[in-house]
Each structure stands twice: as C-alpha cells, then as structure tokens.
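Subject: Structure handover

Hello,

Here is the structure, followed by notes on what was found in it. Please read them with the coordinates open.

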Amino acid sequence: MFDVLLIGGGVAGVSCALILGSAHKKSFVTDKKIGIITHQKASSLQDALFNNAYGIPAGKLGSEILTESTDHLAQTYPHIVQIPDEKVIKVEGTSGDFTVTTNKASYKTRAIVVAIGSSNLFGIEGLEHYIEPHRKALPEKNRIQLKNNDHLVADGIYVAGTLAGWRSQLAIAAGSGASVATDLLTLWNNGIETHSHDSIRK
C-alpha cells in the first residue's frame with residue numbers, strides 16, 4: 001500500500017516526487033511509502049528545446065531532462081519507488097483505499113497525484129467525469145483539464161501540471177508539482193503548514 005502514488009514522469013510528477021523525497025527525514029514522512037509511475041512516452045518534453053527555463057542551460061533537450069530527472073530521483077531519493085514503462089488505465093476506490101490499474105499490474109494507494117498532459121486523448125477510466133475544457137489553452141487545441149480546487153480534484157485525488165489547468169511552461173509545471181507535494185506534506189503533518197528545503201546552512 002502506497003501512501004501516495006504519482007501518475008506521470010514528466011516535469012510536474014517528478015518535481016512532486018523530488019519534494020516528497022527530500023522530506024524523508026521529517027518524522028511524519030519517514031514511514032510513508034511513495035511511488036511514481038514514470039510513463040513518459042506521451043510527454044510534450046519529448047520534442048522540447050529549452051532556451052528560456054530558469055536554471056537549465058540554453059539548448060537543453062526535453063528528452064534529456066526526462067531521463068536525467070528520473071535518474072536524479074533514483075540516485076538522490078532511492079526510497080521513492082519508480083514504476084517505469086507502465087500506463088495507467090483505471091482508477092477506482094475512495095480516499096485511503098484506491099486501486100490504480102496499469103497495463104501490467106495493479107497498485108493500492110491512499111492518495112493519487114495525476115500529473116500527465118492535457119491531451120483530449122486522456123483515457124484513465126474512473127476519472128473521466130472530472131474532465132472539462134482547459135481554461136487557459138486555445139479552444140482549437142482541444143486541451144482538457146481535471147476539475148480541481150487548488151490542485152485538489154476530490155478527497156485523496158490531486159492533479160498537477162497542464163492537466164490542472166496551467167499553461168504549458170516547464171517552470172509552471174514544476175511549481176505545480178511542488179505545490180501538490182507541499183500540500184501532501186502539510187496533510188501528513190496534521191494540517192500544519194510545511195515544506196521541504198535543502199540548505200548548506202549548519
């Protein structure tokens with residue numbers, strides 16, 4: 001049983017995982033089991049070239065970022081369970097007892113973060129009734145989002161990145177994933193606002 005299972009290995013999903021991973025020494029996180037399904041084939045990063053993203057050298061390919069980010073996650077926070085090469089096809093259950101079914105296996109989790117793209121080809125059974133037109137994308141692009149209030153779709157279900165209704169910019173997606181992570185940390189900390197920083201200060 002995962003405490004949270006992240007769906008999506010792009011910017012928002014991995015950003016969320018990195019923040020959660022960095023909080024592993026906090027007393028309310030040490031016993032949490034965190035997983036991420038890192039399916040990346042449909043990520044818009046596959047065709048991206050970055051010259052305008054903070055902290056990323058000009059000319060960086062999105063396809064490189066995809067590989068490097070999951071490697072970074074594995075090396076720095078190996079306690080985060082990565083599930084590669086699986087695509088989620090169904091979500092069922094309620095908060096605290098969800099079942100996430102992929103094309104290869106099923107997983108139990110207490111909470112879910114959906115961090116995949118905003119394509120209208122969205123095909124996760126059990127979440128379709130949350131779909132609505134993307135509020136910030138051009139209508140002719142036929143983008144969708146999941147209905148949410150500050151990333152919360154329903155009890156135990158969060159959404160991050162473009163599927164949460166944000167524009168397609170790396171920095172925005174990363175911030176969206178980080179925002180969901182800090183909401184989860186706050187939840188696990190009995191509602192007391194919290195976040196996770198790395199620091200060189202002693």
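Asn 142 has a relative accessibility of 45% and so counts as partly exposed; buried means under 20% relative accessible area, exposed over 50%, and partly exposed in between, with a 1.4 Å probe and protein chains only. Asn 142 sits in the loop between strand S10 (131–133) and strand S11 (144–146), and its phi is near 55°, a positive value in a residue other than glycine. Helices (H or I, at least four residues) and strands (E, at least two) are DSSP runs, numbered from the N terminus.

This is a predicted model, in which local features need pLDDT of at least 70 and side-chain atom pairs count only at pLDDT 80 or more, while totals for chains, interfaces and linings use all residues. Residues are numbered from 1 along each chain as its sequence is written, and side-chain values use heavy atoms, with hydrogens and water left out.

Other loop residues

Asp 85 also has a positive phi, near 60°. Its loop joins strand S5 (81–83) and strand S6 (88–94), and at 53% relative accessibility Asp 85 counts as exposed. For reference, most residues other than glycine have a negative phi.

Pro 57, in the loop between strand S3 (49–50) and strand S4 (60–61), is exposed, with a relative accessible area of 55%. The C-alpha atoms of Pro 57 and Lys 33 are 33 Å apart, for a separation of 24 residues along the chain.

His 39 lies in the loop between S2 and S3 and is partly exposed at 25%. Leaving aside neighbours within four places in sequence, His 39 is in contact (heavy atoms within 4.5 Å) with Gly 8, Gly 9, Glu 86 and Lys 87. His 39 and Val 153 are 114 residues apart in sequence and 21 Å apart in space, C-alpha to C-alpha.

Helix packing

Helix H1 (residues 11–22) packs against helix H3 (residues 170–188) at about 40°, with the axes 7 Å apart. That makes H1 oblique to H3: angles under 35 degrees count as roughly parallel, over 145 as roughly antiparallel, 65 to 115 as roughly perpendicular and the rest as oblique. Axes are lines fitted to C-alpha atoms, for helices over the stretch in contact, and angles run from 0 to 180 degrees between N-to-C directions.

On the H1 side, the residues in contact with H3 are Val 11, Ala 12, Ser 15, Cys 16, Ile 19 and Leu 20. On the H3 side they include Leu 170, Gly 177 and Trp 188. By class, this contact has 14 nonpolar, 3 polar and no charged residues; Ala, Val, Leu, Ile, Met, Phe, Trp, Tyr, Cys and Pro count as nonpolar, Asp, Glu, Lys and Arg as charged, and the others, Gly among them, as polar.

The axes of H1 and H2 come within 10 Å and cross at roughly 20°, which makes H1 roughly parallel to H2. Val 14, Ala 17 and Leu 18 of H1 meet Ser 69, Thr 70, His 72 and Leu 73 of H2. The residues of this contact divide into 4 nonpolar, 3 polar and no charged.

Cores

A nonpolar core is a set of buried Ala, Val, Leu, Ile, Met, Phe, Trp, Tyr and Cys residues joined through side-chain atoms within 4.5 Å. The largest has 35 residues, and those with the most contacts inside it are Val 4, Leu 6, Leu 20, Leu 45, Val 113 and Trp 188. Strand S1 (4–7), H1, strand S2 (34–37), helix H2 (62–76) and H3 each give two or more residues to this core. Apart from it lies another core, of 23 residues, among them Val 88, Tyr 107, Tyr 130 and Leu 163.

Regards
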